[in-house]
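Visitor: I would like to go through some of the terms used for a protein model. Please show me the structure.

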Amino acid sequence: MNGSRLRIDKWLWAARFFKTRSLASDAIDLGRVQLNGARIKPAHEVRVGDRVDLQVGEARIEVQVRGLSAMRGPAPVARLLYDESAASIARRDERRAARAVAPEPAQHLKGRPTKREGRALRRLRDGS
């Protein structure tokens, strides 16, 4: 514990929302993390009771800060640092159910097509 205040980037890392503090800082700089509805900087201090809204990948997460820790621990301990809102949990469950029914078609595609895939695409496009 570091008193009653802690840097937001360090708290996000300790709460296991990001793998590194630099990833947390980058997300904050890009505006993907808001504290009590306002944009912040990575050195901004978070206090118990603050509301944190963050965008991690496609997920939009809303949490209430319940504890502060400057050390990254196991996931069950990190989970005690915040309470996720009911709306956030419901949104996450809806997305999970939608992915189970019909997965995103482009989700598995990475990068450019191979030469073979490019030929197949041209054949489809040209109608040959």
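This is a predicted model: local features need pLDDT of at least 70, side-chain atom pairs count only at pLDDT 80 or more; totals for chains, interfaces and linings use all residues.

Visitor: Why is S4 called exposed?

Guide: The relative accessible area of S4 is 53%. Exposed means over 50%, buried under 20%, and partly exposed in between (1.4 Å probe, protein chains only). S4 is therefore exposed.

Visitor: Where is S4 found, and which residues does S4 touch?

Guide: S4 is in the segment before β1 (5-7); a strand is a DSSP run of E with at least two residues, a helix one of H or I with at least four, both numbered from the N terminus. Not counting residues up to four places away in sequence, S4 touches V46, R47, V48 and L68, where contact means heavy atoms within 4.5 Å.

Visitor: What makes S25 buried?

Guide: S25, in helix α2 (residues 21-29), has 14% relative accessibility. That value is under 20%, so S25 counts as buried.

Visitor: What joins the side chains of S25 and D9?

Guide: A polar contact of 3.2 Å does. The term means a pair of N or O atoms within 3.5 Å; within protein, one must be able to donate a hydrogen and the other to accept it, and residues adjacent in sequence count only if both atoms are side-chain atoms.

Conventions: Residues are numbered from 1 along each chain as its sequence is written. Side-chain values use heavy atoms; hydrogens and water are left out.
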